[in-house]
Amino acid sequence: MDERKAVIKAEHIKKYFPVKGVVGKKKAVVKAVDDVSLTVYEGETVGLVGETGCGKSTFGRTILKLTEPTDGKIYLDGEDITGYSERKLRKYRQKMQIVFQDPYSSLDPRETIGKSLEEVLQIQGRKQGCREKVLETLELVGLSSEVYDRYPHEFSGGQRQRVGIARALILNPVFLVCDEPVSALDVSVQAQIVNLLKKIQRERKLASIFISHDINVVRYISDRIVVMYLGHIVEEAPKDELIHHPKHPYTKSLLASVPNMNPRERKRHVALEGEIPSPMDPPSGCVFHTRCPYATDKCRTEVPEYKESGDGHWVRCHEV
Amino acid sequence: MSTVFGPKKEKIRAIDGVSFYVCRGEMVGIVGESGCGKSVTSQSIMRLYDEKEEVSYSGTVRFEGENLMEIPYKEMDKIRGNRIAMIFQDALSSLNPVYTVGNQVVEAICIHQNVEKKEAWQKAVEMLMKVGISEPEKRMRQYPHELSGGMRQRVMIAIALCCKPDLLIADEPTTALDVTVQAQIMDLIQQLKEEENMGVILITHDMAVVAENCDRVIVMYLGQMVEEASVTDIFEHPLHPYTVGLIQSIPQMTTDSEQELFMIKGSLPLLTQIKKGCRFASRCPYATDKCREEEPELQKTGENHSVRCHFPRFGE
């Protein structure tokens, strides 16, 4: 058994979204997340990668109960929180927080940064020392105390993301989801935010999920990487194992598509043809078989099992 | 070339003295962060700002010997979309949502070529096939929202290339796409570039895309060119501290994740805040008093290498 402390554990999470059907037609559902299980341990960062529409963000939100899972169980610190009502959940919310891609849309434009952050504490019932706590958190994310009285529009993208991180950290969470936190930032600012997140995760021993489509950033910041495709986890492994010895054909082609910074080693071939199929009508058998160069008849009919192949390296493929 | 925005009192020099050339069959990358003027450069070449009153250009744009800045505005219509074509980041907003894809490709052909509608339709189908769209006949009758992001970008490329332009300007063509689709689109642009022997200006913020695709690179910062060199020189012997920082701050598959990522300190200053000196001085780790006082010129350091810096980073 694993001796590390599991902070959050998700079991067989499913999230289906109903689609408004045309009259007379059968109601369709989008299977955004289909049977995903994941455990994150104390002090561990799990990177979640995949293409647009693979369900990585939906999973990140479902695990925080920001949307209700269709099926499955979520345990926070060993406690089953799946069925808890909003009211009952409020107490648990301070333990789990999220950093969004665009902090501007999650900040009230008419409220100063200081007031916005204080409100977070007040909602959790804290009455005294709010200002001190806000200033302390602002310092932690590298902002000076003078930003307290300023408004969101006065900030650059990078500074705003620092405020977003401060908002998530002010309640001392044990679990943090970062949903594409650096995707909207310029390269020079991106490095600042990545360093900041990494430092905080280390110092606070946070359990976190880092969602991004940028595999290089994910590799840099994570301990373990999980690859999703069409609502399923297809492979997971410790980061360097996954990057250097990928086993699933999808992971292999995803890695091969990442452009290389060395102009002398150009990749002159397309690694993966076609595009991700619609999650409303996912392919039978292995979901990847429509784009897989090694697909056999078995792949087209039979769903592959998720099995361990090597130390901590899990993969869902018939051919491995 | 320079482009100045704004009414007389608060003029903003969005691009300042930018000079470069593109040959046939060559891909030139313009890289930089938001607000560095890379898009303004391309849109000034096309004179897309002409109809806004508060803009003035200076300098020349020579296209096959002709100065585009001097020809009458009406004449530009014959060049735009015909001999110089452009594709943008967001294909959905470049396509008209109420017309079918076919309609829009046919329109582009009919405007510039003297052909019958029927013939144009046939050409459009061929063009869609060429850019790798399956079932082109069916796609012609579909609307933009029915296509995926990658497919829409392919349609944009088809529209841009249907008149066989001499120069293609691609403004962040793959920024909104996944890496797998990005690889497909860049591969397509490369292939068509070689087939048609056209010049390509690739505008992007992604250094890795530049490394994979371009022949020469121009790095811009706050409206100025700070470095220009061949792609191998830019990555192997970058001279400007900003270029060095840009390359180093991007994590790689081989980056040591125990070490802190290299950071360029601070954030982009506003153009209006800079009165004198080097524009990068406030963020440069090597800045001296000279940098803060005196603006450096773009100087040649090698046959195909120029840099705008008082103290280029030789040997780093």
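Residues are numbered from 1 along each chain as its sequence is written, chains are lettered from A and ligands numbered from 1 in the order in which they are written. Because the model is predicted, local features need pLDDT of at least 70 and side-chain atom pairs count only at pLDDT 80 or more, while totals for chains, interfaces and linings use all residues.

Start with confidence. The predictor gives the complex an ipTM of 0.84 and a pTM of 0.88. Chain B has a mean pLDDT of 89, and 97% of its residues reach 70 or more.

Next, the overall build. Chain B holds 12 helices and 13 strands. These are DSSP runs numbered from the N terminus: helices are H or I with at least four residues, strands are E with at least two. The C-alpha trace of chain B spans about 65 × 50 × 35 Å along its principal axes. A compact globule of 316 residues would have a radius of gyration near 20 Å, and chain B agrees with 21 Å. (That radius is taken over C-alpha atoms; the globule rule is 2.2 Å times the number of residues to the power 0.38.) Of the 316 residues of chain B, 43% count as buried. A residue is buried if 20 or more other C-beta atoms lie within 10 Å of its own, exposed if 12 or fewer, and partly exposed in between, with C-beta atoms placed from the backbone.

Now go inside. Helix 7 of chain B (residues 149–161) is mostly covered: 12 of its 13 residues are buried. Its end C-alpha atoms are 18 Å apart, close to the 18 Å expected at 1.5 Å a residue. (The expected span is 1.5 Å times one less than the number of residues.) The buried residues of helix 7 pack against several elements of chain B, including helix 4 (101–112), helix 5 (117–130) and helix 8.

The largest nonpolar core has 162 residues. Such a core is a set of buried Ala, Val, Leu, Ile, Met, Phe, Trp, Tyr and Cys residues joined through C-beta atoms within 7 Å. Helix 7 of chain B gives the most to this core, with 8 residues. Val105(B) and Ala158(B) have the most contacts inside the core. Leaving aside neighbours within four places in sequence, Val105(B) is in contact with Ala158(B) itself, and its other partners include Met127(B) and Cys162(B). (Two residues are in contact if their C-beta atoms, placed from the backbone, lie within 7 Å.)

Just after helix 8, Asn197(B) takes a positive phi of about 55°.

Finally, the interface. Here 35 residues of chain B are in contact with 34 residues of chain A. Helix 8 of chain B gives the most to the side of chain B that touches chain A, with 6 residues. By class, that side has 17 nonpolar, 13 polar and 5 charged residues. (Ala, Val, Leu, Ile, Met, Phe, Trp, Tyr, Cys and Pro count as nonpolar, Asp, Glu, Lys and Arg as charged, and the others, Gly among them, as polar.)

Definitions and conventions. pLDDT = per-residue confidence, 0-100.
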